[in-house]
There are 2 protein chains.
Amino acid sequence: MSSHEERYDVPRVTSTIDFDHLMPREPYYVQSLERGLAVIRAFDAHHRQLTLSDVARTCGLTRAAARRFLLTLTDLGYVRTDGRLFSLAPRVLDLGYSFLSSLSLPEVAEPHLERLVARVHESSSLSVLDGDDVVYVARVPTSRIMRVAINVGTRFPAYATSMGRVLLAALPESELDAYLGKVKLEPLTDRTIASPGELRAEIARVREQGHALVDQELEEGLRALAAPIRDRNGVAAGAVNVSIHAARATVEEIRERLLPPLLEAAAAIEADLRIGSR
Amino acid sequence: MSSHEERYDVPRVTSTIDFDHLMPREPYYVQSLERGLAVIRAFDAHHRQLTLSDVARTCGLTRAAARRFLLTLTDLGYVRTDGRLFSLAPRVLDLGYSFLSSLSLPEVAEPHLERLVARVHESSSLSVLDGDDVVYVARVPTSRIMRVAINVGTRFPAYATSMGRVLLAALPESELDAYLGKVKLEPLTDRTIASPGELRAEIARVREQGHALVDQELEEGLRALAAPIRDRNGVAAGAVNVSIHAARATVEEIRERLLPPLLEAAAAIEADLRIGSR
């Protein structure tokens with residue numbers, strides 16, 4: 001190692017807790033990358049501007065280490081500062097954008113989501129499974145004026161959402177067993193499914209019927225209907241849904257009025273995916 | 001440095017080119033963070049799956065270094081692999097999401113964009129300035145079915161867009177001079193503004209009239225009209241636009257039909273921002 005390389009290296013003591021001791025890492029592990037990404041994630045709606053001390057505390061870093069990561073991110077254009085307060089810069093979006101542009105599904109699906117929304121006048125979304133969560137990768141809201149805090153990148157626990165249930169239903173049996181064995185079912189509303197046994201039964205029903213309908217289990221007043229998007233190998237690449245205020249349609253009305261156009265949209269996306277992957 | 005820390009440290013020889021020699025870095029600089037972020041950005045629409053060698057070549061890393069970054073990102077859930085091919089995982093969206101949720105402007109503006117789109121039946125977007133680019137931070141498409149490849153995170157050169165011009169017009173004179181002194185004006189269409197002098201004159205006009213209208217300078221067939229969003233201190237926090245296919249409205253029709261609702265939407269967003277920041 002040149003002394004030059006060493007100078008620009010990661011801080012010698014970067015943590016107030018010996019994480020390495022708690023969680024042994026592989027020899028390849030680049031801890032400074034983990035820590036730098038953690039610094040980016042320290043910012044959110046409730047922490048739009050952070051001081052160096054805030055970042056050090058939130059990420060479990062020394063002030064010296066937090067300073068190195070923040071200044072490096074500032075040099076790279078991912079963070080802005082007035083000298084005291086730090087905030088994220090729009091360049092951070094490039095990172096998420098790398099993922100979205102690397103994914104063909106949203107691009108293929110979006111025109112179909114727009115067509116579906118124009119037809120049923122309700123919002124439609126596309127999501128993929130990431131661990132125990134569904135993550136939104138496309139969303140077309142209705143022009144109806146309402147405040148919906150769902151965007152691309154939003155995560156919800158899979159068990160409480162219609163898209164999550166169709167994606168869970170598409171898992172290999174062993175993965176579903178593993179999921180059901182460890183899932184913590186939080187009562188998000190008083191209708192949220194309460195036991196792994198009930199969830200397993202509901203997922204079996206979803207698998208059989210080919211769609212999921214969730215009635216106010218994620219949020220009071222919100223119903224949603226979802227169908228899987230299967231790639232040419234039959235693997236569920238994602239799920240598409242339509243969500244609707246409970247006041248606007250009963251469960252029966254949703255199934256009658258929204259299920260046929262939803263299944264048509266899902267089939268159209270699947271057809272385009274097959275063309276795209278040829 | 002403990003031998004333990006050293007083992008998990010950044011690779012000793014990580015680059016085929018001696019970047020440090022070319023670009024001297026500050027002592028605080030964490031190069032492995034820069035390199036890890038570059039690995040994330042190596043993936044895009046044309047590079048959805050990459051081998052270790054692809055990543056090494058794209059990022060100017062040795063194979064050993066590329067392997068460390070890819071495996072670390074895989075451990076952290078940002079990258080997936082089948083053992084040979086690597087691709088980004090949805091968790092990468094959390095990074096961009098950190099930025100979006102740390103920004104109050106899109107949240108405040110979105111209901112107004114939706115209302116504007118419902119009223120004028122054309123798409124509306126919100127963007128902020130990042131260096132020489134505008135970056136989209138919110139977008140409400142019309143329900144009209146068309147293929148638009150603009151999403152949150154999309155960047156365009158500021159000089160060729162209506163939102164860019166209102167944001168440039170809001171810069172302090174010294175920053176505008178610096179921008180005009182270095183900007184490279186690419187002829188994106190045969191109408192794109194061609195000289196810094198013309199651009200300066202147009203920006204002066206935009207500043208005076210309080211809005212910008214760009215006629216097919218970014219893309220053939222696309223016209224757009226934008227207005228600034230000023231915070232309580234009078235600083236332009238962003239810009240809102242309406243974009244329209246050239247076949248649907250002349251420049252005069254756009255100014256007549258779309259300017260009043262656009263200015264009303266901008267004023268409503270500004271009013272909400274002031275309430276929000278009290």
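In which strand of chain B does B:Ser124 lie? In this predicted model, in which local features need pLDDT of at least 70, side-chain atom pairs count only at pLDDT 80 or more, and totals for chains, interfaces and linings use all residues, side-chain values use heavy atoms, with hydrogens and water left out. Residues are numbered from 1 along each chain as its sequence is written, while chains are lettered from A and ligands numbered from 1 in the order in which they are written.

B:Ser124 belongs to strand 3 (residues 123–130) of chain B, where helices (H or I, at least four residues) and strands (E, at least two) are DSSP runs numbered from the N terminus. B:Ser124 is buried, with a relative accessible area of 0%; buried denotes under 20% relative accessible area, exposed over 50%, and partly exposed the range in between, for a 1.4 Å probe and protein chains only. The side chain of B:Ser124 reaches the backbone oxygen of B:Asn241 at 2.8 Å. When residues up to four places away in sequence are not counted, B:Ser124 touches B:Leu113, B:Leu116, B:Val117, B:Arg139, B:Val140, B:Val240, B:Asn241 and B:Val242, contact being defined by heavy atoms within 4.5 Å.

In chain A, strand 3 (residues 123–130) is largely enclosed by the rest of the structure, because eight of its eight residues are buried. A:Ser123, A:Ser125, A:Ser127 and A:Leu129 point one way from this strand, whereas A:Ser124, A:Leu126, A:Val128 and A:Asp130 point the other way, and all are buried. Strands are taken to pair if DSSP finds at least two bridges between them. Strand 3 of chain A runs antiparallel to strand 8 (residues 236–245) of chain A, to which five bridges join it, with A:Leu126 standing opposite A:Val240. Seven bridges pair strand 3 of chain A with strand 4 (residues 133–140) of chain A, again in the antiparallel sense, and here the bridge partner of A:Ser124 is A:Val140. Strands 3 and 4 of chain A form a hairpin with two residues between them, and A:Gly131 in the turn has a positive phi of about 65°.

Strand 8 of chain A is likewise largely enclosed by the rest of the structure, since seven of its 10 residues are buried. Strand 8 of chain A pairs over nine bridges, in the antiparallel sense, with strand 7 (residues 222–230) of chain A, and A:Ala226 stands opposite A:Asn241 in strand 8. The hairpin formed by strands 7 and 8 of chain A has five residues between the strands, with a positive phi of about 85° at A:Gly234 in the turn.

A search of the whole structure finds three cavities of 30 Å³ or more, and the largest cavity has a volume of about 140 Å³. Of the 16 residues that line the largest cavity, the closest to its centre are A:Tyr136, A:Leu218, A:Leu222, A:Ala224 and A:Asn241. On a 1 Å grid over the protein atoms alone, a cavity is a set of points where a 1.4 Å probe fits but cannot get out, and lining residues have an atom within 4 Å of a point. Strand 7 of chain A gives the most to the lining of the largest cavity, with three residues.

A:Ile203, found in helix 10 (residues 196–209) of chain A, is buried, with a relative accessible area of 1%. Leaving aside neighbours within four places in sequence, A:Ile203 is in contact with A:Leu168, A:Ala169 and A:Leu176.

Methods
1 Å grid on protein atoms, 1.4 Å probe; cavity = no way out; pocket = protein on both sides within 12 Å on 5 of 7 lines; lining within 4 Å. Points joined across faces, edges and corners; volume = space filled by probe spheres on them. Polar contact = N/O pair within 3.5 Å; in protein donor to acceptor, adjacent residues only side chain to side chain.
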